[in-house]
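Colleague: I would like to go through this model with you and ask what stands behind the labels. Please give me the value each time, and the cut-off where one is needed.

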Amino acid sequence: MIDDVRSDPLRGEHAPVLLDEVLAALAPSAGETVVDGTLGGGGYARAFLDAGARTIGFDRDPTAIARSKEWAGRLASGSDDRFTAVEAPFADFEEALDGLGVDKVDAIALDLGVSSMQFDQPERGFSFRNDGKLSMRMDGGRPDAGDVVNSASVDDLAAIFRVYGEERFAGRIARAIVAARADAPIVGTLRLAAIVEGVQPKGPPNRIHPATRAFQALRIFVNDELAQLAAALGACERVLAPGGRLAVVTFHSLEDRIVKRFIAAHAAGAAGRGSRHAPVETQLTASFEPIGRKPITPAPEEVLRNPRARSAKLRAARRTAAPPLNLDPSTYYSAPAAPSLEDIRS
Ligand SMILES: C[S@@+](CC[C@H](N)C(=O)[O-])C[C@H]1O[C@@H](n2cnc3c(N)ncnc32)[C@H](O)[C@@H]1O
């Protein structure tokens with residue numbers, strides 16, 4: 001191992017969340033092929049390489065890919081030629097694997113959300129700790145968060161904050177944004193954070209910052225994060241070899257619900273959809289079996305060491321030998337009652 005992948009988050013590295021638990025669920029080994037759908041700082045990927053697996057890492061953020069070339073360049077020979085980095089959204093990973101001539105893989109990890117590096121770069125606009133241009137796009141594209149706050153209607157803004165941020169004061173925040181942008185466009189993260197904070201009742205000092213939910217909502221919205229997850233899960237069913245393992249770490253209840261429903265629907269098999277049918281039939285057609293009955297959350301020591309881990313949940317499942325069910329994604333993901341990115345583009 002070249003660096004300690006459990007690095008201290010205060011040093012500007014991304015400290016991988018639930019790493020030991022993900023390794024226990026995925027059990028990567030020499031000769032296997034593992035997909036890391038969310039390379040980030042490469043914490044998981046380096047651990048998969050350490051275990052001897054061929055590792056194909058995806059990230060939609062070009063800076064994560066550039067960084068992976070740096071750390072991969074420092075890997076011991078023998079590990080470096082087992083690593084491939086691909087700049088692409090994970091919803092497209094099946095196609096990308098096809099392009100690499102890879103048909104089936106043995107394990108897939110998804111560790112959702114943003115990395116500490118993204119969060120700690122003010123110019124990316126993810127954080128309100130320092131001022132930065134309101135972007136929040138992981139891939140730098142448009143529309144970005146600035147486009148949304150400066151062009152969406154009050155109703156659309158309120159829906160985005162309510163649905164993706166589960167924000168109680170969504171309507172108030174939306175109205176305050178529309179009033180503020182009439183004076184001047186909202187360009188920086190600190191101005192947006194002040195507008196959001198200004199309409200909320202003062203809470204106890206230990207509460208999360210009042211702008212946290214609104215920022216999270218905008219980030220999930222502009223990166224289309226829920227639809228990305230649903231599409232990637234469908235591909236996991238087709239790409240995992242029999243016995244292959246899937247591990248997904250989520251940080252938001254909407255994401256966790258999608259993963260939970262995906263695993264439950266595929267573990268119920270063709271016969272189990274919407275009813276309680278014969279167990280024998282279920283065994284023959286279920287394409288996944290859950291690994292563990294409950295989601296795994298970080299131990300208190302991990303949360304103390306790395307407060308960003310506090311809302312993490314890991315769910316894992318093993319691919320059976322049954323053919324893919326190719327369920328309609330609406331079985332496990334219902335598009336939220338909020339505007340789409342297309343609505344903002346037009
Ligand atoms: C929480 S970090 C992953 C950290 C990583 N497990 C580690 O140990 O360093 C999430 C990463 O996933 C990337 N990401 C998020 N959504 C993505 C998507 N739909 N497609 C590809 N990459 C995505 C982000 O750009 C970010 O770099």
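Colleague: Where is N326 placed?

Modeller: N326 sits in the loop between β7 (313–319) and α15 (341–345). Keep in mind that this is a predicted model.

Colleague: What is the phi of N326?

Modeller: Phi is near 45°, a positive value in a residue other than glycine. Most residues other than glycine have a negative phi.

Colleague: Why is A27 called partly exposed?

Modeller: A residue is buried at 20 or more neighbours and exposed at 12 or fewer, with partly exposed in between. A27 has 14 C-beta neighbours inside 10 Å, and therefore counts as partly exposed. A27 lies in the loop between α1 (19–26) and β1, and has a positive phi of about 40° although it is not a glycine.

Colleague: How do you know that the bond between R142 and P143 is cis?

Modeller: Omega is about -5° for the peptide bond that joins R142 and P143, and this bond is cis. Most peptide bonds are trans. P143 is in the loop between α5 (116–120) and α6 (145–151).

Colleague: Why is A316 called buried?

Modeller: The cut-off for buried is 20 or more other C-beta atoms within 10 Å. A316 has 24 C-beta neighbours inside 10 Å, so A316 counts as buried. This residue is found in strand β7.

Colleague: Which residues does A316 touch, leaving out those up to four places away in sequence?

Modeller: A316 touches A25, R245, L246, A247, I291 and G292. A316 and G292 are 24 residues apart in sequence, and their C-alpha atoms are 7.4 Å apart in space.

Colleague: What makes you call strand β4 mostly covered?

Modeller: Seven of the seven residues of β4 (residues 105–111) are buried.

Colleague: How do you know that β4 pairs with β1 and with β5?

Modeller: Pairing needs at least two bridges between two strands. Three bridges join β1 (residues 33–36) to β4, and six join β4 to β5 (residues 240–250). Each count meets the limit. β1 and β4 run parallel, as do β4 and β5. V34 stands opposite A107 in β4, and L110 stands opposite V248 in β5.

Colleague: Why are the buried residues of α9 said to be on the same side?

Modeller: The buried residues in helix α9 (residues 189–198) are T189, L192, A193 and V196. They cover an arc of only 100° around the axis, so they are on the same side of α9. An α-helix has 3.6 residues a turn, so residues three or four places apart point the same way. The buried residues of α9 pack against α6, α8 (170–183) and α10 (212–222).

Colleague: What surrounds the ligand?

Modeller: There are 22 residues around the ligand, and the closest are P16, T38, G40, G41 and G43. By class, nine are nonpolar, nine polar and four charged. Both α2 (43–50) and β2 (54–59) supply at least two residues of this shell.

Colleague: What does the domain assignment give for the chain?

Modeller: The assignment gives domain 1 (9–117 + 225–331) and domain 2 (140–222). Their C-alpha centres lie 30 Å apart.

Technical notes. Residues numbered from 1 in each chain as written. Predicted model: local features only at pLDDT ≥ 70, side-chain atom pairs only at ≥ 80, totals over all residues. Near = placed C-beta within 6 Å. Helix = DSSP H or I, 4+ residues; strand = E, 2+ residues; numbered from the N terminus. Nonpolar A, V, L, I, M, F, W, Y, C, P; charged D, E, K, R; others polar. Domains from an automatic or database assignment. Arc of directions from axis to C-beta. Contact = placed C-beta atoms within 7 Å.
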